[in-house]
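I opened this notebook to record a few local look-ups in one structure. The entries follow in the order in which I made them.

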Amino acid sequence: MDVSKAKNVVIVLLLVFNVFLLANMLIFRSSQGVSKETLENTRLILEQRGIMLECEIPSKPGGNSRLVYIKSELDGGNIAERLLGPEYEVSGDGSRFFSNDGKIEFTGIDSFIYTAENAARVREAVSMMEAEEAAMKFMKEKGLLAGKYVLDRSEENGDGGWTLDYIETYGGSLLFDNYFSITLRGREVSRLEYRKHQFKGFSSENIEQFEAYQALLAHFKEKSDIVITSIDSGYKLEEPSMGDVETVELLPVWRVKIKGMHEPVYISPHDT
C-alpha cells in the first residue's frame with residue numbers, strides 16, 4: 001500500500017471515530033436531561049410569578065411515543081358477580097347492581113363505584129402497610145388487578161381507616177385514566193372507585209419530547225399564588241369518553257398537583 005492510500009485510510013478511520021464520539025456525546029447529554037441551570041432559572045421565573053414549588057422539576061423529558069387507546073367497555077354482570085356474589089338485582093337501565101353485600105353504580109362504560117355494607121361496622125385501626133396489603137389482596141381476589149399499579153396517594157381517615165389511590169403504569173409511564181381508589185375500614189374494603197381503559201401499546205412513531213420546565217413556563221404565565229406539590233408525566237384522554245372513536249393516540253402530558261386543589265392540572269403539548 002502506498003503512502004497516499006494509507007493516509008486516506010487513516011483519515012476515514014478518524015472520521016468514523018469522530019462520528020462515533022459525537023453520537024455517544026449526544027446520547028449522554030440526552031440521558032442527562034435538562035441542565036441544573038435551566039431548572040433553577042425556571043424555578044426563579046415561576047417564583048417571580050407567585051408560583052412556589054415543594055418538589056423538584058423533572059430533568060428528564062416525558063414519553064417519546066404516542067399511547068394507543070382502544071374503545072372498551074366493562075362487563076357489568078361480571079363485575080357484579082365478583083363483588084356482590086351471584087345473588088344480585090339490577091336496575092332497569094342496567095347501571096346499578098344491588099345485593100345484601102353492597103351496591104355498584106356504573107358511572108361510565110369503563111368505570112364504577114362499589115360500596116360495601118358489612119365494612120361499615122368495622123372499627124379496627126391498621127397501619128398504612130397493612131391497609132396496602134389488604135387492598136392489593138382484595139383487588140387480586142376479585143380479579144381487578146390486570147396490569148401493574150403504583151400507589152399515588154394515601155390518606156388516613158378519621159375512623160382509623162385509609163383511602164389509597166393507585167394508578168396503572170405501562171412502559172414506565174403513568175396511565176392517568178386507569179386507576180382505582182380504595183377505602184378500607186380495618187382490613188375490610190368499604191368503597192372502591194375503579195376505572196379501566198384498554199390500550200394497544202405505544203405507536204411506532206417517535207415524537208418530539210416535551211420537557212417539564214417548558215410545560216410549566218408555558219402554562220403558568222399569569223401572576224398566581226399557588227404551591228405546586230408534585231410533577232409527573234403520563235398519558236390522559238382529553239375527553240372523558242372516546243365517543244364513537246374506536247382508537248385514539250395520546251401524547252404524553254405533565255400532571256401538576258397544586259396544594260388545596262382536589263383535581264390536578266394536566267398540561268399537554270397542545271396547550272403550549
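Entry 1. In which strand does Thr-169 lie? I found Thr-169 in strand E8 (residues 162–170); strands (E, at least two residues) and helices (H or I, at least four) are DSSP runs, numbered from the N terminus. The model is predicted: local features need pLDDT of at least 70, side-chain atom pairs count only at pLDDT 80 or more, and totals for chains, interfaces and linings use all residues. Residues are numbered from 1 along each chain as its sequence is written, and side-chain values use heavy atoms, with hydrogens and water left out.

Entry 2. I noted that Thr-169 counts as buried because its relative accessibility is 16%; buried means under 20% relative accessible area, exposed over 50%, and partly exposed in between (1.4 Å probe, protein chains only). Leaving aside neighbours within four places in sequence, Thr-169 is in contact with Lys-148, Val-150 and Leu-174, where contact means heavy atoms within 4.5 Å.

Entry 3. I turned to helix H2 (residues 36–48) and listed its buried residues as Leu-39, Thr-42, Arg-43 and Leu-46. Seen down the axis of H2, these buried residues fall within an arc of 100°, so they line one face of the helix; the arc is that of the directions from the helix axis to the C-beta atoms. They pack against strand E1 (51–53) and H5. On the other side of H2, I found Glu-37 and Gln-48 exposed. Gly-50, which follows H2, has a positive phi, near 85°.

Entry 4. I placed Gln-214 in helix H5 (residues 212–219). Gln-214 is partly exposed, at a relative accessible area of 34%.
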